[in-house]
Amino acid sequence: MDRMKPLRRALSVVLMSVLLAACGTPRAPDAAVEPSPRSPAAATPSPTPSDVPTASPTATPVPIAENPPPLALEVVASGFDAPINIAVTPDGWLLVNERPGRIIAVDPGSGETSVALDLTDRVLGRGELGLLGLALHPDWRENGRAFVHYSDRNGGTVLSELNALTTTPPVFDPSSEQVLLQEPQPFANHNGGQLAFGPDGHLYLGLGDGGSAGDPAGNGQNPQTLLGAILRLDVSQPGSYAIPADNPFADDPAGRAEVLLFGLRNPWRFSFDPATGQLWIADVGQNAYEEVDRVDPVADAGANLGWNVMEASHCFTDPACSSEGLLLPVAEYGRDLGCSITGDHVYRGRAIPNLTGWYVAGDYCRGLLFGVRSDTTGEVTVPRVLLETGAAISAFGEGPDGELYLANLNAGTIYRIVGG
């Protein structure tokens with residue numbers, strides 16, 4: 001999510017210190033712009049798909065700078081109603097999920113917007129509920145298939161498939177919805193959110209532990225439930241999903257066949273590093289620690305990430321707990337830096353060279369932008385503070401050229417991350 005370079009605007013955003021469930025609703029979106037058959041406008045020429053770097057997951061990453069550069073934010077578009085997710089089309093359109101149930105297409109060059117999808121008649125959008133995730137099929141240009149994750153009117157999880165009416169600009173047909181998966185939610189928080197396609201072409205879905213405090217049902221440590229887990233689904237056939245044969249519990253009754261990873265509290269956002277294929281997960285903590293997990297989706301399939309035995313790398317309720325058999329995070333931070341982590345992408349763009357290879361995340365409560373070296377090893381590290389944004393950071397997005405975007409939920413604004 002990026003490209004071109006419009007004029008920078010100074011930021012003046014109030015520092016927010018409340019959790020996502022307690023947020024107020026920002027002002028209504030700007031009036032929709034009539035769709036026109038064009039690619040996004042740009043202040044400078046936007047890269048065509050053939051110009052975009054397409055690093056293979058097996059490529060050798062470039063060296064990582066010891067110190068990341070100064071960063072800044074520039075406004076791309078504003079007037080959104082609680083933006084909580086940013087996806088992108090191959091030709092550069094930003095697709096912004098609004099919590100109440102709309103997806104807004106954004107031309108990142110001009111800032112013009114149009115309504116791409118309206119599901120407000122079937123979405124419960126408040127607190128941590130809403131239109132949580134969007135992923136476009138890898139063959140989006142050819143088949144126009146898209147997948148959404150939302151909270152239904154009863155607060156349950158829904159994974160659905162939709163078809164596009166047009167792809168440039170994107171417009172989806174709400175009547176084409178086919179529900180693929182439904183999962184009841186015991187509480188109104190910790191619903192997860194992210195949908196993403198992995199390098200293997202399968203669809204990954206993150207679900208939280210079902211909510212309340214401390215995971216009272218023990219869902220995080222129970223691979224026989226879909227809650228507190230990352231799911232991996234084969235959606236090669238329209239209108240349904242199948243279980244990939246190499247899923248860790250595909251033939252093992254010890255866990256649900258859809259589950260790839262378990263032991264998560266609330267994996268609100270995750271992403272794949274396009275240069276290495278590694279899966280990076282920002283898991284929201286309970287009372288003391290926020291965590292960043294780095295997972296090899298092949299070698300670590302079936303891994304237990306620890307919740308609720310541990311919160312990040314610390315024992316949660318039993319001070320004598322054991323971390324044996326658990327996959328611990330690569331980074332964590334405490335309440336001195338924030339209270340709700342929002343992930344996340346490893347930067348692979350060209351506009352900010354010294355940021356290459358740094359994993360970028362933020363904190364919703366403090367508005368801090370963090371960096372973690374993607375090659376970090378050894379002891380659990382504390383993320384480097386890169387920028388004090390003053391924003392209620394609810395989502396990140398990555399453009400086809402590797403540049404990064406950020407959503408401010410309370411201000412209803414989308415920014416591009418640029419060099420300072």
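This is a predicted model: local features need pLDDT of at least 70, side-chain atom pairs count only at pLDDT 80 or more; totals for chains, interfaces and linings use all residues.
User: What is the handedness of the disulfide of Cys-315 and Cys-321?
Analyst: Cys-315 has 30% relative accessibility and counts as partly exposed, whereas Cys-321, at 18%, counts as buried. Because the torsion about their S-S bond is about -90°, the disulfide is left-handed.

User: How many residues apart are Cys-339 and Cys-365?
Analyst: Cys-339 and Cys-365 are joined by a disulfide, and both are buried. The pair links distant parts of the chain, with Cys-339 in the loop between strands S19 and S20 and Cys-365 in the loop between strands S21 and S22, and the separation is 26 residues.

User: Which residue of S15 is the bridge partner of Arg-269?
Analyst: Strand S14, residues 269-272, pairs with S15 in the antiparallel sense over 4 bridges. The hairpin of these strands has 6 residues between them, and there Gly-277 takes a positive phi near 80°. Within S15, the partner of Arg-269 is Ala-282.

User: Which residue of S16 is the bridge partner of Leu-279?
Analyst: S15 and strand S16, residues 289-295, run antiparallel and are joined by 5 bridges, with a hairpin of 5 residues connecting them. In S16, the partner of Leu-279 is Val-295.

User: How many of the 5 residues of strand S15 are buried?
Analyst: On one side of S15, Leu-279, Ile-281 and Asp-283 are buried, and on the other Trp-280 and Ala-282 are buried, so that both faces are covered. The strand is largely enclosed by the rest of the structure because the number of its buried residues is 5 of the 5.

Conventions. Residues are numbered from 1 along each chain as its sequence is written. Side-chain values use heavy atoms; hydrogens and water are left out. Buried means under 20% relative accessible area, exposed over 50%, partly exposed in between (1.4 Å probe, protein chains only). Helices (H or I, at least four residues) and strands (E, at least two) are DSSP runs, numbered from the N terminus. Two strands pair if DSSP finds at least two bridges between them. A disulfide is a pair of cysteine sulfur atoms within 2.5 Å.
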